[in-house]
Amino acid sequence: MQLENYIEGKFIPPFHGNYLENLNPAENIVIAQIPESTAEDVELAVKSATNAQPIWSTTPLNERIDWLRKIAAALDLRKSEIAMLESIDTGKPVKLAERVDANRSVSNFTFFADHAENLAELRFEMADATNYVIRKPVGTVGLITPWNLPLYLLTWKIAPALVMGNTIVAKPSELTPLTANLLCEVLDSINFPKGVINIVHGLGSIVGQAIVEHPKISAISFTGGTATGKIVAATAAPMFKKLSLELGGKNATIILDDADLSIAAQGAARAAFTNSGQVCLCGSRILVADAIYDEFVEKLVSEVSNMTVGNPQLTDTDIGSVISQEHMNKILSYIDLAANEHGRILTGGKQLSLPKPNADGAFIAPTLIDRIPIDSRCATEEIFGPVATIHRFSSDEEAIDMANLTQYGLAGSVWTSDTERGKAVAEQVESGILWVNTWLHRDLRTPFGGVKNSGVGREGGDWSLNFFSELTNICVKDD
Ligand code: NAD
């Protein structure tokens with residue numbers, strides 16, 4: 001398969017004619033060639049997007065909403081293909097990709113269509129005047145996304161940007177380009193207005209950087225690692241671009257002494273190992289109350305040891321491969337480091353060799369490590385793989401202090417039979433998203449984003465629509 005960029009409604013080869021290899025990490029084989037684009041391709045995409053801007057921004061809101069619904073309907077017909085492509089591109093189990101990636105990629109469009117349709121009018125009456133707020137598009141926006149939830153996160157940005165009247169230059173991760181290409185095929189098949197959405201494939205340091213630097217791109221919505229976010233912010237901030245940064249996490253799962261231990265063990269295992277631990281919201285630090293530590297850890301180890309790691313294409317697989325050989329080596333280096341940091345491996349802790357066709361795939365057994373200091377590198381740095389550390393605490397206050405010990409502040413969960421106690425703990429954790437007795441239970445209307453080094457700004461519902469619009473207040477003095 002050879003992919004091309006999608007610019008001005010056409011699939012076109014990269015300016016310099018160079019291509020990168022795209023691999024299936026579960027089999028370590030090349031599955032596609034993708035454009036190794038450069039600043040010239042970004043220039044072309046920006047021209048296409050800025051040319052389309054006057055017409056798209058003045059297309060009435062109800063027509064833009066109709067377009068979102070048409071995209072959703074056309075994507076819906078290709079859901080099983082989306083799941084299959086995400087699975088071969090990322091190594092995640094196809095059943096997970098069906099349940100999570102394919103469904104959310106469609107519902108992102110229907111959700112933002114509904115949300116924009118019901119957007120509350122902003123009006124502020126004064127004694128002698130009335131203020132009303134209108135929304136204008138920001139202009140041409142740059143969207144940059146990671147590999148862990150490829151189409152899910154791309155459409156999470158595209159849908160609100162589109163409905164608010166912006167035109168788009170987007171760059172999917174070079175590791176997972178296949179479903180962005182499928183989206184372009186879908187746009188083509190429904191005769192979506194040309195130039196409104198442009199997709200440029202290639203390396204982050206070249207294509208991503210060229211998007212962030214481009215003076216005609218007025219806003220950047222970036223999801224990815226904290227180190228990359230720093231570069232994006234350093235480039236975009238002096239240009240006074242609107243900036244949304246959704247970055248890394250090192251989230252705490254807090255098990256209080258009154259939790260239902262079976263439910264909490266299932267929840268903690270799911271939070272730690274969904275998508276091989278490669279979800280920014282994954283609970284990679286499990287904090288456990290002293291009084292129930294041994295009983296809980298025994299249940300958790302049993303949950304995790306029962307997970308089936310294997311061929312992502314098989315329906316009984318719980319955990320597939322990680323994203324690449326390089327990432328696998330990084331994760332394994334943290335497992336080695338854990339030994340130096342006095343950690344004890346309770347289960348996993350090694351690369352797995354599987355039968356063909358996965359013999360050369362990047363598989364790691366889900367790994368639990370305890371007895372490792374809460375301020376160790378393994379317990380404070382984002383590993384972004386199937387590795388979780390377990391730590392003991394003796395009071396709710398200590399659990400909160402431990403949860404707040406990292407540079408990150410994205411998410412977390414608290415498990416307890418006392419909801420009020422759970423809420424009291426959750427409210428003191430320095431994170432943007434906390435769950436009590438659940439994990440990754442998402443209502444798309446709610447604010448999503450992190451504090452500290454996990455990001456700047458919020459996405460979701462009104463927050464996304466506000467980011468992708470310029471709010472203009474008009475104050476009219478009474479006669
Ligand atoms: P990454 O930062 O390496 O890459 C993200 C994207 O940025 C890719 O498309 C990449 O090509 C691009 N990029 C790289 N250098 C760039 C540059 N100089 N300028 C512009 N773009 C550039 O992240 P990744 O490895 O793809 O994804 C994993 C990370 O993403 C983890 O840290 C994870 O926590 C984070 N993440 C966060 C969220 C969230 O909502 N907070 C969601 C998913 C993933």
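Residues are numbered from 1 along each chain as its sequence is written, and side-chain values use heavy atoms, with hydrogens and water left out. In this predicted model, local features need pLDDT of at least 70 and side-chain atom pairs count only at pLDDT 80 or more, while totals for chains, interfaces and linings use all residues.

Student: Which residue ranges make up domain 1 and domain 2?
Tutor: The bounds come from an automatic or database domain assignment. Domain 2 is given as 252–444, and domain 1 as 5–247 + 454–477.

Student: What area is buried between domain 1 and domain 2?
Tutor: Buried area is the accessible area (1.4 Å probe) that two parts lose on being put together, summed over both. The contact (heavy atoms within 4.5 Å) takes 28 residues from domain 1 and 32 residues from domain 2. Carbon and sulfur atoms give 55% of the buried area, which is about 2400 Å².

Student: Which helix gives the most to the side of domain 1 that touches domain 2?
Tutor: Helices (H or I, at least four residues) and strands (E, at least two) are DSSP runs, numbered from the N terminus. Helix H3 (79–90) and helix H4 (94–117) each supply at least two residues of that side. With six residues, the one that gives the most is H4.

Student: Is Ala 97 buried or exposed?
Tutor: Ala 97 is found in helix H4, and touches Ala 83, Glu 86, Lys 92 and Ala 102, not counting residues up to four places away in sequence. Buried means under 20% relative accessible area, exposed over 50%, and partly exposed in between (1.4 Å probe, protein chains only). Because its relative accessibility is 0%, Ala 97 counts as buried.

Student: What is the N to O value for the salt bridge of Lys 95 and Asp 318?
Tutor: A salt bridge is a side-chain nitrogen of Lys or Arg within 4 Å of a carboxyl oxygen of Asp or Glu. Across the interface of domain 1 and domain 2 the rule finds one salt bridge. For the side chains of Lys 95 and Asp 318, the N to O value is 3.4 Å.

Student: How far apart in sequence are the parts that Glu 459 and Lys 157 tie together?
Tutor: The two side chains meet in a salt bridge at 2.7 Å, N to O. Glu 459 is buried at 5% relative accessible area, and Lys 157 is buried at 1%. Glu 459 lies in the loop between strand E21 (455–456) and helix H15 (461–467) and Lys 157 in helix H5, so the parts tied together are apart in sequence by 302 residues.

Student: Is Arg 445 buried or exposed?
Tutor: Arg 445 and Asp 443 meet through their side chains in a salt bridge of 2.5 Å, N to O. Asp 443 is partly exposed, with a relative accessible area of 29%. At a relative accessible area of 52%, Arg 445 is exposed.
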